[in-house]
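This briefing concerns the fold, the surface and the aromatic contacts of one protein. Please consult the sequence and the structure below alongside the text.

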Amino acid sequence: MTDLLKQETGKTALELIHLYVISEAKNMLVAVVAAFSEIAYQLGFENPPYFARLFKKEVGMSPKNTKTNA
């Protein structure tokens with residue numbers, strides 16, 4: 001099943017999950033006045049610094065910059 005998913009989308013299941021979670025985080029950062037650490041917890045991450053690194057890797061900017069650039 002995972003091979004089929006990668007073949008069809010070019011991404012692994014984990015990569016697709018990360019893309020979805022990052023998309024939700026971006027929406028929450030724009031719509032909600034909340035600290036990024038709180039958003040990370042709401043999205044199921046127990047380690048906000050890890051989520052911030054993942055966010056920066058996927059988006060190309062830190063979560064702090066996302067609010068000002070949205």
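Rings of Phe, Tyr and Trp (its six-membered ring) are taken as a pair if their centres lie within 6.5 Å. By this criterion, the structure holds four aromatic pairs. The model is a predicted one.

**Aromatic contacts**
- Phe-36 and Phe-55 make an edge-to-face aromatic pair, with 5.7 Å centre to centre and 75° between the planes.
- Phe-36 belongs to helix 3 (residues 36-42) and Phe-55 to helix 4 (residues 48-59), so this pair ties together parts that are 19 residues apart in sequence.
- Phe-36 is buried, its relative accessible area being 14%.
- Phe-55 likewise counts as buried, at 0% relative accessibility; the cut-off for buried is under 20%.
- One aromatic cluster is formed by Phe-36, Phe-45, Tyr-50, Phe-51 and Phe-55.

**Fold and dimensions**
- The protein contains five helices and zero strands, and the order of its elements from the N terminus is α-α-α-α-α.
- The C-alpha trace spans about 40 × 25 × 20 Å along its principal axes.
- Among the contacts in the protein with a separation of 6 or more, 40% are between residues 24 or more positions apart.

**Burial, surface and charge**
- The protein has 70 residues, of which 24% count as buried.
- The protein carries 8 positive and 7 negative charges, whose mean positions are 11 Å apart.

Key. Residues are numbered from 1 along each chain as its sequence is written. This is a predicted model: local features need pLDDT of at least 70, side-chain atom pairs count only at pLDDT 80 or more; totals for chains, interfaces and linings use all residues. Side-chain values use heavy atoms; hydrogens and water are left out. Helices (H or I, at least four residues) and strands (E, at least two) are DSSP runs, numbered from the N terminus. Buried means under 20% relative accessible area, exposed over 50%, partly exposed in between (1.4 Å probe, protein chains only). Contact means heavy atoms within 4.5 Å. Lys and Arg count as positive and Asp and Glu as negative; His and the chain ends are not counted. The place of a charge is taken as NZ of Lys, CZ of Arg, CG of Asp or CD of Glu. Rings of Phe, Tyr and Trp (its six-membered ring) pair if their centres lie within 6.5 Å; planes under 30 degrees apart count as stacked, over 60 as edge-to-face and the rest as tilted.
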